[in-house]
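I opened the notebook to record what I looked up, one topic at a time.

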Amino acid sequence: MKANYTFQNLCGTVYRQGNVLFTPDGNSVLSPVGNRVSVFDLVNNKSRTLPFENRKNIATIALSPSGQHLLSIDLDGRALLVHAGRGVVLHHINFHSPVSCAAFSPDGRFFAVAHGAHVQVWHTPSVLVREFAPFILHREYTGHQDDVVSVTWSKTGRYFLTTARDMTARLYTLDPLEGFKPKSFGGHRDVVLGAWFSDDEKTIYTVSRDGALFVWNAKLSDDDEEILDLPAASTSTAVDHTVAYTRWGITARHFFNQPGTKVVCSTFHAGSSLLVVGFSTGVFGLYALPDFTAVHTLSISNEKISSVAVSASGEWVAFGAAKLGQLLVWEWQSESYVLKQQGHYFDMNTLAFAPDGQNIATGGEDGKVKLWNAASGFCFVTFPEHTAAVSAVEFAKQGQVLFTASLDGTVRAFDLVRYRNFRTFTSPSPVQFCSLAVDPSGEVVCAGSLDSFEIFMWSVQTGKLLDVLTGHTAPVSGLAFSPDGGQLASASWDKSVRLWSIFGRSRATEPVTVPSEATALAYRPDGTEVVVATLDGQLSFIDIAEGQVKSVIEGRRDISGGRKVEDRTTAANNAATKHFTSVAWTADGSCVLAGGSSKYVVLYARAEGVVVKKWAVSENLSLDGTQEMLDSRLMTDAGPQDALDAALAEGAASDVEDRLDRTLPGAGRGDLSKRRTRREARTHAVRFSATGRSWAAASTEGLLIYTLDATAFDPFDLSLDLTPESVLKTLHAGEHLLALVMALRLNEAPLLARVYEAVPPADIRLAARQVPPVHVARLLAFVADHADAGPHIEFDLVWIAALLTSHGRLLRERRAELASVLRAVQKALNGFETGVAKLCDDNIFSLEYIISQNSQADGQVDDVLV
């Protein structure tokens, strides 16, 4: 099977820290998620995560006015200049100190960055010319006495305003001017968070953290003329720079008057003179300037709003709340949400793919169950019924039902049509459930307990407890039904795996001993084997017929890697603590995917027992266990520098109230922002989709999705004379079958789609019959993908019917190997059925309405005639 899975998307995390941005067209929002950047398309309702990674969590991002350049800066001041459309890193630069903010000039030729009390303006590198040192410093500006907080450019790009913690704002010019001295704007009693020009550049607004808004205009003389500080030898150039030479003064002071709160973030839209302010209580306010009229005030979160941005048109406002991981887009004119997304508050424990592969369910430490659309990356429903951490989620193989198990002692069944909890299963005495399994028919659900070491079995229809399976002497860490539903396999920390015939007369079972404590297990799709992950880092394969371990893969060295800050041994010598906590089979049963207490996810070939490929789920140095070697320069006499104050290492706020630690001593979970430990890079669960084209991992960073569909060029049988031009030439000559085979050999998706759609409908059956057997599976997989995404319903159905009819025996003989392809076809057919049924229902409703209206009209005419 293919193993070239590439990163596609990061779900489950929509905002971590830093600033959110709108694209110049206002249709998308850019949000930092850890050391990556996600793009949320608000018009097409899709999200994607750019493929690049910063070294650490992103502190600030800036987007050029053209929307092509994205500047991403991490907590250490290391920046990447990225092509925003493709996500390709163009250049690197290290500013050698933390950067608080960055902004591009309106023409995109310069960008300003603020680190410490200094502001630097750099030339934007060209993407057309390859240079050894592309970043050229234009000027460095000083004058502030404390850290700079924000930088805002004027509309013309000649000037920019800076604000700092020294409670002042300053006005600088891009280029030196004769006799000009930077203007200072004082009078505030707290940190000045932002300063902006009005649209005509004749007014300046400044906002401070204590809720004060100052309006600055030119001072007037006795003759009501603006006072200008012109140089002695005044020139025409001085007249062109009126803003720089104006003597500014306060003309109005306004206060937001929000009791018991402070301003955290703010932004200004010059076109509509709209000021947006976010407060520490989760309230935001919209104010029309210069009259300071409150448009409306709304509470959108329980925690402080960390970042705010306004679209270019001024219609949409985006908010980010770092503590809860919320991202909101608000249309203030209609007072409605355009986007409202929130990830899990803490770690994501488990995940499951829906049978059709379209949706992914996740369960977290916060007790919430979320459903994500795999294609769009958006969460479309959240179930908050559990009161403790969710330990396992499973979809029913048939029907729209989701089962979840939690440490609160309940197993719940959710209806995915009405989105409600329709059944709750409990045990006679309170226990904590840590594993879950649903039989293929969806009639029986089983859950393993953490404290009583028993397996409970319920009927889904009645909700009654059917049986309690005993025999394990330690927590039941894994449960799985065989594909035919005849057996139930259970793994436990008592170093045993048991196979139960739960529907048979005899409940006797003999334990299969494994080398160490079992942490997870999974049935092979054909039901002949069970793979078990153990605490010593091994994968044991148990033959179901013989009931014994047939082979073992030693995976400790494969998963080992990543040294924690406080580790006293190197990563190579610290493999004893590494083990797998989740395993999953591929759709054809040829490989096993495993992830666990490491940053690596490993794919093994079952027959050879070797590593096929290994992925690192994160390279984020803000997490523990991502680097192989520690930097000796960061070692001090008291230990590693990063371990001395983890809160500062994670970029915690400098406010005293944000540094207070109110958690209980020794608390290991809960309020992450108050802890003094670093999060560890690890994988909690891995799952393959039913089609086998993608797999997902629930990691510290969020829900990572890897797919085969992102590969641009993957030829099957390449030769010198096989080119796109030769394929099109053959197609124009009318040789459709030959062109189709050539396109399948070249395996370029746009070209294959063009040739496929050019086949006349009358020739489909003949062409399908003559397709070489080696290309049948790949052609059927392409038709399934085309049917799932395109509008050609009848055309695709004719192709599917012709291929299944002509090559049915071949597909039947290789049904285990081609399980993923056949599932993709089933998914496409189910999509057709759903779409056609919905369309028919709509048409029937419309026709009934028209007929009823016509009948009423006839009745009214009869009444008139009578």
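How are helix 9 and helix 11 oriented to each other: roughly parallel, roughly antiparallel, roughly perpendicular or oblique? Before answering, I noted that this is a predicted model, in which local features need pLDDT of at least 70 and side-chain atom pairs count only at pLDDT 80 or more, while totals for chains, interfaces and linings use all residues. I also noted that residues are numbered from 1 along each chain as its sequence is written, and that side-chain values use heavy atoms, with hydrogens and water left out.

**Entry: two helices.** I looked up helix 9 (residues 749-758) and helix 11 (residues 773-789), whose axes come within 12 Å and cross at roughly 85°. Helix 9 and helix 11 are therefore roughly perpendicular to each other, given that angles of 65 to 115 degrees count as roughly perpendicular, those under 35 as roughly parallel, those over 145 as roughly antiparallel and the rest as oblique. On the side of helix 9 the contact (heavy atoms within 4.5 Å) is made by Ala749, Leu752, Ala753, Tyr756 and Glu757, and on the side of helix 11 by Phe782, Val783 and His786. Sorted by class, this contact has six nonpolar residues, one polar and one charged.

Entry: I then turned to an open sheet of four strands, in the order 14-15-16-17 and with antiparallel pairing, where two strands pair if DSSP finds at least two bridges between them. Strand 14 (148-153) and strand 17 (183-185) stand at the edges with a single partner strand each, so one side of each is left without a neighbour in the sheet. On average, neighbouring strands of this sheet are turned by 20° against each other, direction ignored. Strand 14 and strand 15 (residues 159-164) run antiparallel and are joined by five bridges, and I found Thr152 opposite Leu161 in strand 15.

**Entry: backbone in the loops.** Most residues other than glycine have a negative phi, and most peptide bonds are trans. In the loop between strand 21 (248-255) and strand 22 (263-269) I found Asn257, whose phi is near 55°, a positive value in a residue other than glycine. Asn257 is exposed, with a relative accessible area of 66%, where exposed means over 50%, buried under 20% and partly exposed in between (1.4 Å probe, protein chains only).

Phe292 counts as buried, at 16% relative accessibility. Pro290 is also found in the loop between strand 24 (283-288) and strand 25 (293-299), and a cis peptide bond with omega of about 5° joins Leu289 and Pro290.

Technical notes:
Axes are lines fitted to C-alpha atoms, for helices over the stretch in contact, and angles run from 0 to 180 degrees between N-to-C directions. Ala, Val, Leu, Ile, Met, Phe, Trp, Tyr, Cys and Pro count as nonpolar, Asp, Glu, Lys and Arg as charged, and the others, Gly among them, as polar.
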